[in-house]
Amino acid sequence: EIMYFAEKRIGMKKNGKATLFVFGDMQLGSPGYKKEMFNAFKEDFLSTPNAYALGLGDYGDFLRPTMRNRIGEVLYQDDDARIQLDDIVRDKIDKIGNELSFMKGKIVGLNSGHHEWDFKDGTNSTQYLCRKLNSVYLGWSSYTVLKISSNDNTGRACGGSGVAIKIYSTHGDGGSCYNSGDLAQLEKKIAPYWVADLYFRGHSSHGELAPLELNDVTIKGDKPRLIKKTRW
């Protein structure tokens, strides 16, 4: 699996606050799509100062991998049919892009998911959506670094301390009936091998947050001392 990397710089006024919204699994256009939930998310985003977003995949409802393979066996033998279906899918993604346009330019990146469409040119539906929204394609799994620094009154970055936040994000596989089961997958299979401040996983659509506290050592000052670091 290819690991994707991205960087997003955010300029803030001193003592300012930015909010990162995490969304995904909308499957817009499918029977399970909840318009009222999406509208509530949109209202919350638009009413929040300095709002940014990170997508965890499955924004539309195209074909899951097993069905893509079956249909692909037929379509790969008929270029005209595949081009026609590509055009139909692009039209649907245009509509999804219009729904998400209120976040254009504010999306840190978009992970891909299970319900993708692979175009004849080798790209997929999430990559096409990224181009519509001026966003970065994050693939299935990604490392994103948010660099937050202070701005002066003109909006230009100025000197002084800043902060870098490392994010590991993936659409995810499998699912548990319980939030604890999904969190355990992150804690056991990802967190020990990928150093990050935040770990995000979609797919099972559970909303839960858990800290993982680690011991570390710093040599700042006269002597080494023990410090605590929390990953979420």
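The structure holds 17 aromatic pairs. A pair of aromatic rings is described by the distance of the centres and the angle of the planes. Here, rings of Phe, Tyr and Trp (its six-membered ring) pair if their centres lie within 6.5 Å; planes under 30 degrees apart count as stacked, over 60 as edge-to-face and the rest as tilted. The model is predicted: local features need pLDDT of at least 70, side-chain atom pairs count only at pLDDT 80 or more, and totals for chains, interfaces and linings use all residues. Residues are numbered from 1 along each chain as its sequence is written, and side-chain values use heavy atoms, with hydrogens and water left out.

The chain has five helices and ten strands. These are DSSP runs, numbered from the N terminus: helices are H or I with at least four residues, strands are E with at least two. Of the 232 residues in the chain, 38% are buried. Buried means under 20% relative accessible area, exposed means over 50%, and partly exposed lies in between (1.4 Å probe, protein chains only). Among contacts with a separation of 6 or more, 74% are between residues 24 or more positions apart. A contact means heavy atoms within 4.5 Å.

Tyr168 has 5% relative accessibility and so counts as buried. Trp194, at 30%, counts as partly exposed. Ring pairs also link Phe21, Phe23, Tyr33, Phe38, Phe41, Phe45, Tyr59 and Phe102 into a cluster.

Charged side chains also sit over rings. The criterion is NZ of Lys or CZ of Arg within 6 Å of the ring centre and within 35 degrees of the ring normal. Arg90 lies over the face of Phe119, 4.4 Å from the ring centre. The charged end of Lys106 sits over the ring of Tyr52, at 4.1 Å from its centre.

Helix α4 spans residues 125-133. Its buried residues are Ser125, Thr126, Tyr128, Leu129, Cys130 and Leu133. They pack against α3 (79-99), β4 (107-111) and β5 (137-139). At the start of α4, a side-chain oxygen of Asn124 comes within 3.0 Å of the backbone nitrogen of Thr126. Just after the helix, Asn134 takes a positive phi of about 55°. Asn134 lies in the loop between α4 and β5. At 55% relative accessibility, Asn134 counts as exposed. Asn134 and Lys106 are 28 residues apart in sequence, and their C-alpha atoms are 8.6 Å apart in space.

Rolling a probe the size of a water molecule over the atoms shows where empty space is left. One cavity of 30 Å³ or more was found in a search of the whole structure. A cavity is a set of points, on a 1 Å grid over the protein atoms alone, where a 1.4 Å probe fits but cannot get out; lining residues have an atom within 4 Å of a point. Grid points are joined across faces, edges and corners, and a volume is the space filled by probe spheres set on the points. The largest cavity has a volume of about 70 Å³. Its lining includes Asp58, Tyr59, His115, Glu116 and Leu129. Helices α3 and α4 each supply at least two lining residues. The largest share, three residues, comes from α4.

Asn111 is in strand β4. Its relative accessible area is 0%, so Asn111 is buried. A polar contact of 2.8 Å joins the side chains of Asn111 and Ser169. A polar contact is a pair of N or O atoms within 3.5 Å; within protein, one must be able to donate a hydrogen and the other to accept it, and residues adjacent in sequence count only if both atoms are side-chain atoms. His171 is in the loop between β7 and α5. His171 is also buried, with a relative accessible area of 0%. The side chain of His171 reaches the backbone oxygen of Leu56 at 2.7 Å.

Conventions:
On a 1 Å grid over the protein atoms alone, a cavity is a set of points where a 1.4 Å probe fits but cannot get out, and a pocket is an open set with protein on both sides within 12 Å along at least five of seven lines; lining residues have an atom within 4 Å of a point.
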